[in-house]
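I opened this model to see how its parts are held together. My entries follow in the order I looked things up.

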Amino acid sequence: MDSNVRPESMARISTPELAEAFISEQMELLRQQIGDKKVLLALSGGVDSSVVAALLIKAVGKQLVCVHVNHGLLRKGEPEQVIEVFRNQMDANLIYVDAVDRFLDKLAGVADPEAKRKIIGAEFIRVFEEEARKLDGIEFLAQGTIYPDILESDGVKAHHNVGGLPEDLQFELVEPVKLLYKDEVRVVGKALGLPDGMVFRQPFPGPGLGVRCTGAITRDRLEAVRESDAILREEFANAGLQGKVWQYFTSVPDFRATGIVNGKRAYDWPVIIRAVNSVDATSATVPELDWALLKKITDRILSEVPGVCRVLYELSPKPISTIEWE
């Protein structure tokens, strides 16, 4: 049987008991595959790579080497969460790479969305290759491939796949959750003890905040995206909307609007709030949010985020619009 085809008899992992059974089975399979060798994982902090990391830590411990690359396009607190959960709590063999300046310097002045994506992807592969070459005894590469990736793209997952590595670094793949759907991965993550903030993390684009800081990325506007997004997520959580609204975030476009700051005319950025409900991201609707909540979020963003003079709530469904702006 094709190892990339989910057996029809495979039960959906929907309970902690089924998750524990899956974990036990995968631990045995991982130990058989890896033996006493080392395995490398690009750990983004997303659901899939985090669950794979937790599984491998449970199965082979320090034989797993996790590389977390901070490219400066993550949400507020995410690099710190990866370090806290995996290095401090799970005692993982974690390499943290601060590549913020490297990525942002490469992206300076680049406005085209596809060009930005290519730069981010290519630079990530280069950073990952450099870290891999510093290590001895690595024979396996773990990836957070899940079953929809196989169905939709022949097994290639753009934000985890590092198939662009040079030929001498072609490791044998380890993909323990490749036959699971996203909801099953989350059940397994809960059973492995990962925090809810990681297990139920919203969909996040591979280029990160790079596609929410539209046009050519500047550091100050990128920080406006990061800070406004953190406010939005905090207020949605306080309002009990976490887990009830499928995805929500802010974008800061590359144009300015007229405002008044300290009694003087100013030209600052607008922040655009995007919130959608969807099942599979092929279509999306916009929820009707409580006006008092929108006003509170607006007041906080305008008072706490430098360089911002307007807050807008986007009402466009998918289609015709897409969920992300770029």
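**Entry 1**

I began with Glu139 and Lys37, whose side chains meet in a salt bridge at 3.8 Å, N to O. The model is predicted, so I keep that in mind throughout. The two partners come from distant parts of the chain. Glu139 sits in strand β4, and Lys37 in the loop between α1 and β1. They are 102 residues apart.

Glu139 is partly exposed, with a relative accessible area of 40%. Lys37 is partly exposed too, at 34%.

**Entry 1: β4 and its sheet**

Five strands form an open sheet in the order β3-β2-β1-β4-β5, with parallel pairing. I noted the edges: β3 (93-98) and β5 (172-174) each have a single partner strand, so one side of each is left without a neighbour in the sheet. The twist averages 30° from one strand to the next.

I looked at both partners of β4. Four bridges join β1 to β4, and the two run parallel. In that pair, Val39 stands opposite Phe140 of β4.

**Entry 2: helix α4**

I moved on to α4 (residues 100-107). Which of its residues are buried? I found Val100, Phe103, Leu104 and Leu107. Seen down the axis of α4, the buried residues fall within an arc of 90°, so they line one face of the helix. An α-helix has 3.6 residues a turn, so residues three or four places apart point the same way.

I asked what the buried residues of α4 pack against. The partners are β2, β3, α5 and α9 (219-238). After α4 comes Gly109, and its phi is positive, near 80°.

Arg102 and Glu130 meet through their side chains in a salt bridge at 2.8 Å, N to O. Arg102 lies in α4 and Glu130 in α5, so the pair ties together parts that are 28 residues apart in sequence. Arg102 is partly exposed at 29% relative accessibility. Glu130 is partly exposed at 36%.

**Entry 3: the cores**

I turned to the nonpolar interior. In soluble globular proteins, nonpolar side chains tend to be buried together. Here the largest nonpolar core has 48 residues. Leu40, Val69, Phe128 and Phe236 have the most contacts inside it. Elements giving two or more residues to this core are β1, β2, α4, α5, β4, α9, β8 (264-276) and α10 (291-304). Which element gives the largest share? It is α9, with six residues.

Leaving aside neighbours within four places in sequence, Val69 is in contact with Leu74, Val97, Ala99, Phe103, Phe124 and Val127. A second, separate core of 39 residues includes Ala54, Ala142, Leu180 and Val185.

How many salt bridges does the structure hold? I have 29 in the tally. The side chains of Arg300 and Glu304 meet at 2.8 Å, N to O, in a salt bridge. Both residues lie in helix α10, four residues apart, about one turn of the helix.

Glu304 counts as partly exposed, at 42%. Salt bridges with shared partners join Glu234, Glu235, Lys296, Arg300 and Glu304 into one network.

Methods:
Residues are numbered from 1 along each chain as its sequence is written. This is a predicted model: local features need pLDDT of at least 70, side-chain atom pairs count only at pLDDT 80 or more; totals for chains, interfaces and linings use all residues. Side-chain values use heavy atoms; hydrogens and water are left out. Two strands pair if DSSP finds at least two bridges between them. Axes are lines fitted to C-alpha atoms, for helices over the stretch in contact, and angles run from 0 to 180 degrees between N-to-C directions. Buried means under 20% relative accessible area, exposed over 50%, partly exposed in between (1.4 Å probe, protein chains only). The arc is that of the directions from the helix axis to the C-beta atoms. Contact means heavy atoms within 4.5 Å. A nonpolar core is a set of buried Ala, Val, Leu, Ile, Met, Phe, Trp, Tyr and Cys residues joined through side-chain atoms within 4.5 Å. A salt bridge is a side-chain nitrogen of Lys or Arg within 4 Å of a carboxyl oxygen of Asp or Glu.
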